[in-house]
Amino acid sequence: MKVLVTGGAGYIGSHVTELLIERGHQVVVYDNLVAGHRAAVHPHATFVHGDLLDQEQLTDLFASHTFDGVMHFASHILVGESMQNPWKYLRDNVAGTTNLLEAVASAHVRRFILSSTANLFDKPQHIPINEDEPLIPGSVYGETKFIAERMLMWMDKLYELKYCCLRYFNASGAHPKGHIGEDHYPETHLIPIVLQVALGQRDHLTIYGSDYNTPDGTCIRDYIHVLDLGEAHIMALEALADGRSRVYNLGSGSGYSVLEVVETARAVTGHPIPLQYGQRRSGDVDVLVADSSRIKQELGWSPKYDHLQRIVETAWNWHKNHPYGFGDRKK
Ligand SMILES: NC(=O)c1ccc[n+]([C@@H]2O[C@H](COP(=O)([O-])OP(=O)(O)OC[C@H]3O[C@@H](n4cnc5c(N)ncnc54)[C@H](O)[C@@H]3O)[C@@H](O)[C@H]2O)c1
């Protein structure tokens, strides 16, 4: 298949591009590099430096290529920033997705995979969280994904576009070869922040809250390896051949507390990783863990990296060999 990967210079998009190319697919990456890295894009992918807000460039892109499917990763991704600067998220994420979908409909592309989010489940009633949980976005960022999911529902009705929304929990780890990995600036994800302490780039880790209703008092989250996410994307793209749109929650299914992540990182890195405790952050809940049984049953997906130790080992392999990521950090 010939696949368009928006945001393919970013963390998850670059790993999925790599897997697609390994499977013999042709990939065109479309990315404005606002947060991504040119060096993260596989050399066999065609790279187009472009913005989803540029409708003319999108029209040219779809005129130059006939795509069998689109995987849409391009988006601003910070929950906290979206509450301080909602317009950036509403304008760029919603308008970018709208422009992309208009181009997809005009070009009669039939398959679309959306990177959606666990941030659609604010204060869930049931843990682990399955697809029947009510959708209550927890932030403006989450709202932009909710809007994208709704747009896709209409695209199916109006244009027969078959789509799959993959609602991820915390993407983590790196390619086991160690040549690509996570390089966000600013970094907000727990595992890379813990590893920055091990690298001496931070003095300590601050844990926000020690009195959550969990065995050790710190929040429990679901960490899914980026290559397991990649497999799910490819399986979903292939599955859409049956003409049925779908939605799946994606996590490794095992929750780990913040302290368990720190203990694992201490064992993997040999560094003591000093800790401090701070106030709880508003909006954080005790436990967020996905129920991924639907994608397991329907597509036969199962995570290969289902132990935190393996996830942290692959992340450490990347970070220790690339302490400054791809070396092009924007401030
Ligand atoms: N990282 C996670 O844990 C996580 C969890 C759930 C969902 N997601 C979703 O997965 C997707 C990828 O996340 P990531 O961690 O790889 O983020 P990332 O920031 O590393 O990648 C996003 C990419 O999109 C590009 N981009 C942003 N706006 C663009 C635009 N207007 N036009 C063209 N390119 C643009 C950026 O330059 C970047 O390369 C996002 O949609 C995110 O919401 C991520």
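This is a predicted model: local features need pLDDT of at least 70, side-chain atom pairs count only at pLDDT 80 or more; totals for chains, interfaces and linings use all residues.
Two residues count as in contact here if their C-beta atoms, placed from the backbone, lie within 7 Å.

| Helix pair | Angle | Axis separation |
|---|---|---|
| α4 (residues 86–106) and α5 (residues 140–159) | about 20° | 10 Å |
| α6 (residues 190–198) and α10 (residues 308–321) | about 55° | 10 Å |

**α4 with α5**

Helices α4 and α5 pack at an angle of about 20°, which makes α4 roughly parallel to α5, since angles under 35 degrees are counted that way. The crossing of α4 past α5 is right-handed. On the α4 side, the residues that meet α5 are P86, Y89, L90, N93, V94, T97, T98, L101 and A105. Their partners in α5 are V140, Y141, T144, I147, A148, M151, M155 and Y159. Sorted by class, this contact holds 13 nonpolar and 4 polar residues, with no charged ones.

**α6 with α10**

Now for the second pair. Helices α6 and α10 have their axes 10 Å apart and an angle of about 55° between them, so the two are oblique to each other. Here too there is a right-handed crossing, with α6 passing α10. From α6, the contact draws on I191, P192 and L195, while α10 supplies V312, A315, W316 and H319. Which classes of residue make up the contact of α6 with α10? There are 6 nonpolar residues and 1 polar residue, and no charged ones.

Note on methods
Residues are numbered from 1 along each chain as its sequence is written. Axes are lines fitted to C-alpha atoms, for helices over the stretch in contact, and angles run from 0 to 180 degrees between N-to-C directions. Helices (H or I, at least four residues) and strands (E, at least two) are DSSP runs, numbered from the N terminus. Angles under 35 degrees count as roughly parallel, over 145 as roughly antiparallel, 65 to 115 as roughly perpendicular and the rest as oblique. A crossing is left-handed if the near helix is turned anticlockwise from the far one by less than a right angle, and right-handed if clockwise. Ala, Val, Leu, Ile, Met, Phe, Trp, Tyr, Cys and Pro count as nonpolar, Asp, Glu, Lys and Arg as charged, and the others, Gly among them, as polar.
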